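Please open the model in your viewer and keep the sequence panel beside it. The tour below goes from one selection to the next and says what to look for at each stop.

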Amino acid sequence: MLIKSVKRTFVFLLFVLTMGGEVCGQLNTNRLLQIGRNAVYFEDYVLGMQYFNRVINVKPYLAEPYYYRGIAKYYLDDLKGAAVDCEIAYGINPFLIEAYNLHGIIRLRQGDSEAALTDFERGLELEKDNINLLLNSGIANINLEHYDDAINYCDRVLDYDKRNVPAILYKGIALVQKGDSVLAMTEFVKAGELNSYSADAQVYQGMLNYQMKNYTEALKNYTRLVELRPKDANVYVNRAITYYNLDNYDAAFKDLDDALMLDDKNVMAYQNRGMLRAEVGRITEATEDFGRVLALDSDNDMALMNRALLYIQIGEMHNALADLNIVISRHPEFGPAYYQRAIVKRNLNDPKGSEIDYMTAYTFEQERIKRGLAAGEDSTQVASGGKNESSHGKREKRASRSRNDDSMDNYDKMVVVSDFADNDDKLKQDREQIRGRVQDRDVIIDLEPVFELSFVSSDTLLQRPKYYAKSVEDFNNSNTYQRRLMLTNRESNMSQAENLDYYNEIRELSNQIESGGEAVSQSLYFVRGVLQSLVMSYNQAICDYNVCILRNPHDINALLNRAATRFKVVEIIRSMDTQPEAPTMGAQSDKSSATQINTTYLDLELILADLSKIIEIEPKLPVAYYNMSLVMCLKKDFASALSLIDKSVELDDSFAEAYYNRGIINIYLGNDVQGSKDLSKAGELGMYKAYNVLKRYLSDSEKEKN
């Protein structure tokens, strides 16, 4: 069959961003919605969510902002969060058809076509002629193998719009699945004529022509597709195999080389080029290609098998034996591997082992013949790999297999992309850090760091409320220092000039403190401590905080920063591979400070004592529980860490970093369901990298459960 199942979902509804539905009562709310929708349109999904959140906070009874936020989450691959927003949206407004449509598309993405069809039918009850719902119903029926129903839905779309190319294409797919390739080709050709820029029309024509061995026509389709998708490596891979079947080896090699220029990690291109090189006698290069396949995919046993055959051909029997041993350990009933190992063992003067392997191969082959799996093949050759024996001599053209075909029986076949819709390469876009599909970016998966008080911050969260602490406001209102104090866990990276400015300020403060004696305000010590921390003079910073706390044991600001500074020192030393020496803490550091760090600052109990004191003074300060949870993580006490982070979220339900850390901890502990909920919430609150973690660490099956 051309396609086993149709997994691509159409996005027709996703940008029908009309002004329908409930109308906001105030111009400002309307404007926020419009700005958010514009942000989503231009793929600023995280920014869009921040605007929708603001509308929801003001008017939680409106359906539209939940629906639009669901769209943003959908594009960030937070399918669970998107589904929840859709359910809220049509719970508020049962007539919001777009919400049913999006919810159904999410179910399609999760592999639940039955549930998706239910969603689409609910929408069609409200608007029976809705083209998006009709077409998506057709897709769901194709997945459910209800091909006549799928064709019926596509025909209903075409009754309203005879030029609807997607409906024509999906009707063609349903016809292919029914076995009517001729009529299906008619539909694909019609789609291409209606829209000469439809890549999908060329894809399906090319795949069907290839299957029908109309290689000349398939070549025309793939050549047109190269024009439409010049940066899609898989297009070149498919055209290369088509050239191969037309005996144009030079063009086939060029296309495979071009594919690897576009994507140097394309396993199919390396694998096919390796087989093609082997066929024309370029054995060493072919071996290298299979080696690259294995470097990218160490479990690719077909590449191992093919490389073993090449090793045999060039006489590298020990290497061949190593590869074959792995293949057999993973596929203990794969007869051809035993046959080839018998050859290797005979060459390595192991006649007994060779005989055992040969008889094993013969036994497995006889069993295969009895089961009818080798019908029509020459049973004397099948065990040795049939027409693809290790000699790599002249042979018939290799058959091809789907990329998803992992049967070892097909190890000697070329690989083709059988369903482009399942492998659209994500374009690498030059955008600002928080724009576009942030879940596809590489981020360092780690807990968010501790919070402290500082005069600079590189906070990346958008449109979120500033974390409030009364002690911080009191300090800022006192006009002690020209810069405002803020609660942050992201200090800015400073330039050399900025560092020099801070050193000069530290020097001036030191002069004031020395000249003022006992009458000096402790606020000056605190300011100097913050500045010392900014220039990474942690030892001096802690000394200044000590003075503040000695003068006022209830100084929350100094307690928080002393704990945070000690925590950063702990992390620095823990990151070293060997027993640490004292890091350079500033001009006054010496060996005595090293001893102090190793014996005092590494003591996590001191950090906990400071944070406990803060909680005793101000039990409703979320950041204190948050920081304490990080300490418990370092102590491997994850149960306590979760309890503390729960408290921080309870006190501040918009604490994005707390949700993020709780999600990471839960995933670490195997609680993927709760972890996904927390990461989804963190992303909703503006922490874009939460979506990357959701994608990288939670399988599709886990997302579906949620």
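**A tour by selection**

Begin by selecting Phe 455, Phe 475, Phe 526 and Tyr 545, which together form one aromatic cluster. Across the structure as a whole there are 17 aromatic pairs, and two of them are visited next.

Before going further, colour the chain by confidence, since this is a predicted model. The mean pLDDT of the protein chain is 80, with 77% of its residues reaching 70 or more. Residues 1-27 have a pLDDT below 50, although the model gives this stretch 87 contacts beyond near neighbours in sequence. Residues 577-601 likewise have a pLDDT below 50, and there the model shows 30 contacts beyond near neighbours in sequence. Where pLDDT is low, the predicted coordinates should not be read in detail.

Now select Tyr 45 and Tyr 75, whose rings form a stacked aromatic pair, with 5.2 Å from centre to centre and 5° between the planes. The pair links distant parts of the chain, for Tyr 45 belongs to helix 2 (residues 45-58) and Tyr 75 to helix 3 (residues 64-75), 30 residues apart. Both Tyr 45 and Tyr 75 are buried.

Move on to Tyr 244 and Tyr 249, an edge-to-face aromatic pair with 5.5 Å between centres and 65° between planes.

Two arginines come next. Select Arg 109 together with Tyr 74, and you will find the charged end of Arg 109 over the ring of Tyr 74, 5.3 Å from its centre. Then select Arg 282 with Phe 253, where Arg 282 lies over the face of Phe 253 at 4.7 Å from the ring centre.

Finish at helix 8, residues 147-160, which has 14 residues and spans 21 Å from its first C-alpha to its last, close to the 20 Å expected at 1.5 Å a residue. Its buried residues are Tyr 147, Ala 150, Ile 151, Tyr 153, Cys 154, Val 157 and Leu 158. Turn the view to look down the axis of helix 8: the buried residues fall within an arc of 160°, so they line one face of the helix. Asp 148 and Asp 159 are exposed, on the face of helix 8 turned away from its buried side.

Note on methods
Residues are numbered from 1 along each chain as its sequence is written. This is a predicted model: local features need pLDDT of at least 70, side-chain atom pairs count only at pLDDT 80 or more; totals for chains, interfaces and linings use all residues. Side-chain values use heavy atoms; hydrogens and water are left out. pLDDT is the predictor's confidence in each residue, from 0 to 100. Contact means heavy atoms within 4.5 Å. Helices (H or I, at least four residues) and strands (E, at least two) are DSSP runs, numbered from the N terminus. The expected span of a helix is 1.5 Å times one less than its number of residues. Buried means under 20% relative accessible area, exposed over 50%, partly exposed in between (1.4 Å probe, protein chains only). The arc is that of the directions from the helix axis to the C-beta atoms. Rings of Phe, Tyr and Trp (its six-membered ring) pair if their centres lie within 6.5 Å; planes under 30 degrees apart count as stacked, over 60 as edge-to-face and the rest as tilted. A charge sits over a ring if NZ of Lys or CZ of Arg is within 6 Å of the ring centre and within 35 degrees of the ring normal.
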